[in-house]
Every structure is written in structure tokens, then in C-alpha cells.
Amino acid sequence: MIKAIYPGSFDPVTLGHIDIIRRASRAVDNLIIGVLINRDKHPLFTVEERVDMLRESTREFPNVTVETFTGRTVDFARDRGANIIIRGLRAVTDFEVEMQMAQTNRILDPNIDTMFFTTSPRYAYLSSTIVKEVAHYEGTNINKFVNPYVAARLREKLSQGQL
Ligand code: ADP
């Protein structure tokens, strides 16, 4: 039984994240998406909203669940009985910081390994930050970046003056 966690901010979940989730869910038996509650960052969406969007976006994957966590990723993995951490790699710019995190996590717990999925080329440029910028400046034209449910939540934020 291979159990993995996929940690991140998901503010909001993009089609790039979904692509990683789809592929990772085929490689493991159970995939737990961990939404990090990080008080240092100022997310656009509350943690409840981020979880809701992820649940809506991952309905089609029966072995995927969504949870929140605080603190260290390795502790979250261990608590859930998972020994794999999934991360996505876009460009070389991701590589250095991801490598550092993976090495650190391995020192913290040698039983937990990081598994990387390289982005599908069509999502290589995509990040939650880019999505928020495009949503802000172009309003409605975000369907290439996020699914319709997330697009609607972004439009709500825009109309509430929060984006
Ligand atoms: P974090 O704040 O932990 O980087 P993110 O939500 O930005 O959280 O990203 C979570 C994970 O998803 C990271 O491993 C990131 O590299 C990966 N990721 C984000 N966008 C993409 C994408 N377009 N293609 C592949 N992986 C991605």
C-alpha cells in the first residue's frame, strides 16, 4: 500500500496542480493533498476555500483526499502513515529550492522520500500567482489556467474587490 502526500499552498489550485495530482494518483494507492496553513503568507483564499476548490477539482479521483496541516511536512506525512512526498517541477528555477527541501526532509526523516513529477509542457509557465494576476487584469479569461469552479471563485473575489 503506497501512501503519499502532496503538500502546497494551492492559492488557488491550477490545472498544473491537477495535472500532477492526476499523474501521482496513478502512481500511488492513496494520495493526500495537504493544504499548508501558513500564517506568514497572506493568501487570497482562506484555507477552507482552498480545500473546497481542491475537493471540487479532484472529485474524479477516488483515491485522493484533501486535508489541511500546519508545521513540518515530514511530520504531516508520518502522522498519516505516508512515506512519499509528491512535488511538481516546472523550470530549473524550481529545482534548487525543491532539491534543498527534499534533502532537508530526508535528513529530518530518512524513511520519507520525495517524488518529483515534471510538469506537462503546456503548464510549465503556470503558477497560482500568475493565475491571480491574469484574473485581476483580464477578469474573465482564466479558463485555460483553472477549472470553471475555481474561475467562478476568482471572479467572486474580483467582484468583492479582494483581487
Ligand atoms: P508551495 O507554496 O508549496 O510552492 P504551490 O501550491 O505553489 O505551493 O505548489 C505546490 C506544488 O505544486 C509545488 O511542488 C509546485 O512546484 C507544484 N506546481 C505548481 N504549479 C505547477 C505546475 N504548473 N506544474 C507542475 N507543478 C506545479
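Trainee: Which residues lie nearest the centre of the largest pocket, and how many line it?

Mentor: This is a predicted model. In it, 42 residues line the largest pocket. Pro7, Gly8, Ser9, Lys41 and Arg87 lie nearest its centre. The elements giving two or more residues to that lining are strand E1 (3-8), helix H1 (15-27), E4, H4, E5 and helix H5 (128-138).

Trainee: Which element gives the largest share of the lining, and how much space lies in the pocket?

Mentor: H4 gives the largest share, six residues. The space in the pocket is about 970 Å³.

Trainee: What is the make-up of the lining by residue class?

Mentor: The lining divides into 15 nonpolar, 17 polar and ten charged residues.

Trainee: How do you know that the reach of H4 is close to the expected value?

Mentor: Helix H4 (residues 92-108) has 17 residues. At 1.5 Å a residue, 24 Å is expected. From first C-alpha to last, H4 reaches 25 Å. That is close to the expected value.

Trainee: Which residues of H4 are buried, and what covers them?

Mentor: The buried ones are Asp94, Glu98, Ala102 and Asn105. Their cover includes helix H3 (73-79), strand E4 (84-89) and strand E5 (113-118). As for the spacing, an α-helix has 3.6 residues a turn, so residues three or four places apart point the same way.

Trainee: Why is Phe10 called buried?

Mentor: The cut-off for buried is under 20% relative accessible area. Phe10 has 3% relative accessibility, so Phe10 counts as buried. Phe10 sits in the loop between E1 and H1.

Trainee: What makes the phi of Phe10 worth a remark?

Mentor: Its phi is near 50°, a positive value in a residue other than glycine. Most residues other than glycine have a negative phi, and most peptide bonds are trans.

Trainee: Which residues does a cis peptide bond join?

Mentor: Asp11 and Pro12, with omega about 0°. Pro12 is also in the loop between E1 and H1.

Trainee: What makes the pair Arg78 and Asp75 a polar contact?

Mentor: The distance cut-off for N or O atoms is 3.5 Å, and one atom must be able to donate a hydrogen and the other to accept it. The side chains of Arg78 and Asp75 make their polar contact at 3.2 Å.

Trainee: Which residues does Arg78 contact beyond its neighbours within four places in sequence?

Mentor: Leu108, Asp109 and Ile112.

Note on methods
Residues numbered from 1 in each chain as written. Predicted model: local features only at pLDDT ≥ 70, side-chain atom pairs only at ≥ 80, totals over all residues. Heavy atoms only, no water. Helix = DSSP H or I, 4+ residues; strand = E, 2+ residues; numbered from the N terminus. Expected span 1.5 Å × (residues − 1). Buried < 20%, exposed > 50% of the residue type's maximum accessible area, 1.4 Å probe, protein only. Contact = heavy atoms within 4.5 Å. 1 Å grid on protein atoms, 1.4 Å probe; cavity = no way out; pocket = protein on both sides within 12 Å on 5 of 7 lines; lining within 4 Å. Points joined across faces, edges and corners; volume = space filled by probe spheres on them. Nonpolar A, V, L, I, M, F, W, Y, C, P; charged D, E, K, R; others polar.
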